[in-house]
Amino acid sequence: MRERGLTRRRMLGIGGALGLMAATGLSATAALARRPSITGAELRSAVPLPPPFHVPLPIPSVLAPVSTSGGVDRYQITQREASAEILPGVRTPLWTYEGTFPGPTIESRRGRPVTVTHRNELPVPTVVHLHGGRTPAASDGYPTDLVLPEGWQEHSMHMGHGSEHGMHDPRAVVTELTRDYTFPMDQRPTLLWYHDHRMDFTAPAIWRGLAGLHIIHDDAEDALGLPAGPRELPLMIADRAFAADGGLAYPALDPTLRVRPGVREPYLAGVLGDVILVNGAPWPVHEVDAARYRLRILNASNARHYELEAVTDDGRRLDLVQIGADQGLLAAPVTHQLLPIAPAERYDVIIDFSGVPVGSRVRVVNQLGSGRTRDVMAFRVARRATDDSRIPSTLSTDLPEWRRSDAVRVREFSFRAGQMHAGHGWLIGGLPFDPARTDVTTRLGDVEVWRFVADVHHPVHLHLVGFRVLSRSGRAPLAHDAGLKDTISLRPGEAVEIITRFDGYRGRYLFHCHNAEHEDMGMMANLEII
Ligand SMILES: [Cu+2]
């Protein structure tokens, strides 16, 4: 595995900045000012890569329930090793949900509970978290609530940074082989995603394939007349790199992911791949009618940020009409030409191909990429078609309108690099994650304003609740901050305020950075709702 020269130099710059910070207390922000959009280092694949826009876009299969009786939809998912042909002619071993990457999609209805029985046939413990789910704590996938594989020896298990330093988690609920996760689905319709959330090893587990989609629908949204059926496409964007043997490359200190967490030093700020996958296919192409399409976009990358635009062959940018955010429909559509999307964010976007000549292409481009990582995917406009879809000027009327004066308290958290135990870490409020420490205690029903400050880019995610963005560095939120979110992209050096109501369930939840490498290196904190 070679690192790309330029990127490696950039990364050493970050590493150097972190070292400097430890020594002098300097902020990494200044050191990153020349390339603030990149947080991480890029692995370079060691196998030939296919040309862009040749592999067809796969649509993840929708999982059928094993039972629908008693008002609950029950599903079973086996987590197991499998291999897939991601690059043409190359077999890639993966860790999967049900044998595929992405895992199967679960489609559910608002208010109709879902139970998913996960069976762990992988060689390591796992944890499932439904990102964006309004989920009781027992099913929220707390990082130490492990599902152990059969025959897993406790003594072979290293509890990660925690136990290494004498900490353990007395509240962990560990099961063997299987676990039932129950999701009430009492929430606004939107695109969620489920992924591994195991203590210290989330990033490499997601990288190996443990991610899938979960869509919630309701009658009100169905009645809007938005593009649907084959004109509604989920798009899970994720970057990966491939080793010479066809396997996914990842700079883990312990490639078995059993004992020692962490990544090699050049990748401490995040792992980037040089192949852009959409729904598990490299730079895919999808044939479309000359009509409106609804794209439910998820950035499932560990650390890569995108600024997406849709460009026609003759260089025209198509409007990206945003209709929804992480937590469902906006009040009204917001039109973008360039759409930033941080790890774990979702954007629900309408794109209209009706003005694009039949036979030509629309490329989805990442303005933040360079070389091959500039391309994401393409649509080929295949035929004229009738289109009775519409984009209503009012999309929803149920968004919470919390005012600053509703807040019973304001809290502030810094998201910065720092020292963790003996080495490098990523810290919230100066502290690395400790499952045994409660960082925030709040009362069910309380409205709070949280203020986040960042050194480098940190996509911050709250479990359980959605929030509104109040301000960015004292100014109004950006156009793409509209609606109800569960992940907020803090840009380098920025201070962001959000407002939320801690509603739903009592118990132990998390908030954390969703740069998955940062998350594994300490950037999580406990949120106790009482
Ligand atoms: Cu981060």
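1. F413, F415, W450, F452, F502 and F511 form one aromatic cluster, where rings of Phe, Tyr and Trp (its six-membered ring) are taken to pair if their centres lie within 6.5 Å, with planes under 30 degrees apart counting as stacked, over 60 as edge-to-face and the rest as tilted. This is a predicted model, in which local features need pLDDT of at least 70 and side-chain atom pairs count only at pLDDT 80 or more, whereas totals for chains, interfaces and linings use all residues. Residues are numbered from 1 along each chain as its sequence is written, and side-chain values use heavy atoms, with hydrogens and water left out.

2. A search of the whole structure finds 12 aromatic pairs. The rings of Y97 and Y194 have their centres 4.8 Å apart and their planes at 55°, so this pair is classed as tilted. Y97 lies in strand β4 (residues 92-97) and Y194 in strand β11 (residues 191-196), so the pair ties together parts that are 97 residues apart in sequence; strands here are DSSP runs (E, at least two residues), numbered from the N terminus. Y97 is buried, with a relative accessible area of 0%, and Y194, at 4% relative accessibility, counts as buried too, the term meaning under 20% relative accessible area, with exposed meaning over 50% and partly exposed in between (1.4 Å probe, protein chains only).

3. W450 and F511 form an edge-to-face aromatic pair, with 4.9 Å from centre to centre and 65° between the planes. Since W450 belongs to strand β30 (residues 447-454) and F511 to strand β35, the pair ties together parts that are 61 residues apart in sequence. Both W450 and F511 are buried.

4. Which residues have the most contacts inside the largest nonpolar core? They are F379, W450, F452, L462 and F511, in a core of 118 residues, a nonpolar core being a set of buried Ala, Val, Leu, Ile, Met, Phe, Trp, Tyr and Cys residues joined through side-chain atoms within 4.5 Å. Strand β13 (residues 232-240) supplies the largest share of this core, 5 residues. A second, separate core has 9 residues, among them L224, L226, V321 and I350.

5. The surroundings of F511 can be listed in detail. Leaving aside neighbours within four places in sequence, F511 is in contact (heavy atoms within 4.5 Å) with F413, F415, I428, V440, W450, H461, L462, M524, A525, N526 and L527. One of these, L462, is also the bridge partner of F511 in β35. Strand β31 (residues 458-462) and strand β35 (residues 507-513) run antiparallel and are joined by 3 bridges, two strands being counted as paired if DSSP finds at least two bridges between them.

6. Strands β31 and β35 belong to an open sheet of 5 strands, with the order β29-β36-β35-β31-β33 and mixed pairing. β29 (440-442) and β33 (487-490) stand at its edges with a single partner strand each, so one side of each is left without a neighbour in the sheet. Neighbouring strands of this sheet are turned by 20° against each other on average, direction ignored, with axes taken as lines fitted to C-alpha atoms and angles running from 0 to 180 degrees between N-to-C directions.

7. H457 is placed in the loop between β30 and β31, and at 9% relative accessibility H457 counts as buried. The side chains of H457 and S489 are joined by a polar contact of 3.2 Å, which is defined as a pair of N or O atoms within 3.5 Å; within protein, one must be able to donate a hydrogen and the other to accept it, and residues adjacent in sequence count only if both atoms are side-chain atoms.

8. Another open sheet has 4 strands in the order β4-β3-β6-β10, with mixed pairing. Here β4 and β10 are the edge strands, each with a single partner strand, so one side of each lacks a neighbour in the sheet. Strand β3 (residues 73-84) pairs with β6 in the parallel sense over 7 bridges, and D73 stands opposite V114 in β6. β6 and β10, by contrast, run antiparallel and are joined by 6 bridges, with V114 opposite F183 in β10.

9. T115 lies in strand β6 (residues 114-120) and is buried, with a relative accessible area of 7%. A polar contact of 3.4 Å joins the side chains of T115 and T182. T182 belongs, with T178 and D180, to the uncovered face of strand β10 (residues 178-183), while R179, Y181 and F183 make up the covered one. Not counting residues up to four places away in sequence, T115 touches V72, D73, R74, Y75, D180, Y181 and T182.
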